[in-house]
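Open the structure in your viewer and keep the selection tool at hand. The stops below go in order.

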Amino acid sequence: MKAWLRLTLTGLVAYLVFLVFTMPAAPVVSWLSPAENNVRISGVSGTLWSGQALAVETGKLGLQDLQWHFRPMALFTGALEFALSARLGAERVHARAGVSLLGNKRLTQVQGRVSLDDVLKRLAVRQVETAGLLELDLDKVLLNDGSLPLMEGSVSWKPARIVAPVELDLGGAELNMHMEGDGTVGDLEASGGQLLVQGKVELNADGQYKLDSELRAQGDVPPQVAEFLSTFTEYRNGVYRLEWSDTWNP
């Protein structure tokens with residue numbers, strides 16, 4: 001190949017790479033998130049590879065001050081990946097978001113804190129008010145359109161307190177999860193408060209979820225708490241048995 005042709009091709013490739021990496025993010029994001037996907041993104045600035053958005057609304061999840069940066073080293077693992085940082089309520093959450101060559105979407109290294117009460121309000125759960133933060137430490141989250149994701153890692157709730165309809169101190173609670181088949185299973189435990197809790201959680205990819213747990217009083221439990229528990233649990237030999245199942249509606 002002649003030297004002038006080699007230099008021309010090299011310059012052309014370099015120019016194309018420059019165009020891609022300096023591509024404005026706003027028009028691309030608008031194309032990737034049409035209104036029918038129930039995703040609304042506003043205040044987009046920067047480039048496709050390093051930018052930010054003031055707000056992202058998708059279904060029951062709302063993020064503010066989203067920032068992203070392309071991670072080129074992930075290409076060697078066969079994935080297109082970005083480092084993300086966003087504010088979820090009053091706290092920040094960090095993660096890596098990627099798409100594999102097969103089109104599988106995933107989050108890894110999800111870490112941060114979020115108010116449990118904010119999460120419950122987003123999910124339209126208004127029967128219970130809580131205090132305390134959820135601390136996220138998820139190794140992997142596999143995303144499924146229109147259904148529950150599959151998860152590996154842990155979520156802890158500290159301090160674990162129910163404020164209404166009764167006041168109840170659970171000390172600290174932790175859920176450790178791993179993927180099993182086409183779903184997620186987890187062990188739930190709470191200690192250090194008025195009730196000791198041990199249970200199993202099942203989250204299926206088809207949107208069904210189930211909680212099977214036992215609650216034991218730690219010391220004296222106020223009468224109003226016992227009355228509250230009796231409305232949705234079965235009490236026998238000092239143990240409150242709770243079985244709860246439902247289907248996720250995104």
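This is a predicted model: local features need pLDDT of at least 70, side-chain atom pairs count only at pLDDT 80 or more; totals for chains, interfaces and linings use all residues.

Residues are numbered from 1 along each chain as its sequence is written, and side-chain values use heavy atoms, with hydrogens and water left out.

**Helix 4**

Select residues 223-230, which form helix 4; helices (H or I, at least four residues) and strands (E, at least two) are DSSP runs, numbered from the N terminus. Within helix 4, Val225, Phe228 and Leu229 are buried (under 20% relative accessible area, with exposed over 50% and partly exposed in between; 1.4 Å probe, protein chains only). These residues lie on the same side of helix 4, because they cover an arc of only 95 degrees around the axis, taken from the directions from the helix axis to the C-beta atoms. Now select Pro223 and Glu227: both are exposed, on the face turned away from the buried side.

Next, show strand 10 (168-180), strand 12 (195-204), strand 13 (208-217) and strand 15 (239-247), which are included in what covers the buried residues of helix 4 (contact means heavy atoms within 4.5 Å).

**Aromatic pairs**

How many aromatic pairs are there? The count is three, where rings of Phe, Tyr and Trp (its six-membered ring) pair if their centres lie within 6.5 Å, and planes under 30 degrees apart count as stacked, over 60 as edge-to-face and the rest as tilted.

Select Phe70 and Phe82: the ring centres are 5.5 Å apart and the planes at 55 degrees, so this pair is tilted. Phe70 is in strand 4 (residues 61-70) and Phe82 in strand 5 (residues 79-88), 12 residues apart. Phe70 is buried at 16% relative accessible area, and Phe82 is buried at 17%.

Finish with Tyr209 and Trp244, whose ring centres are 6.1 Å apart with planes at 90 degrees, so the pair is edge-to-face.
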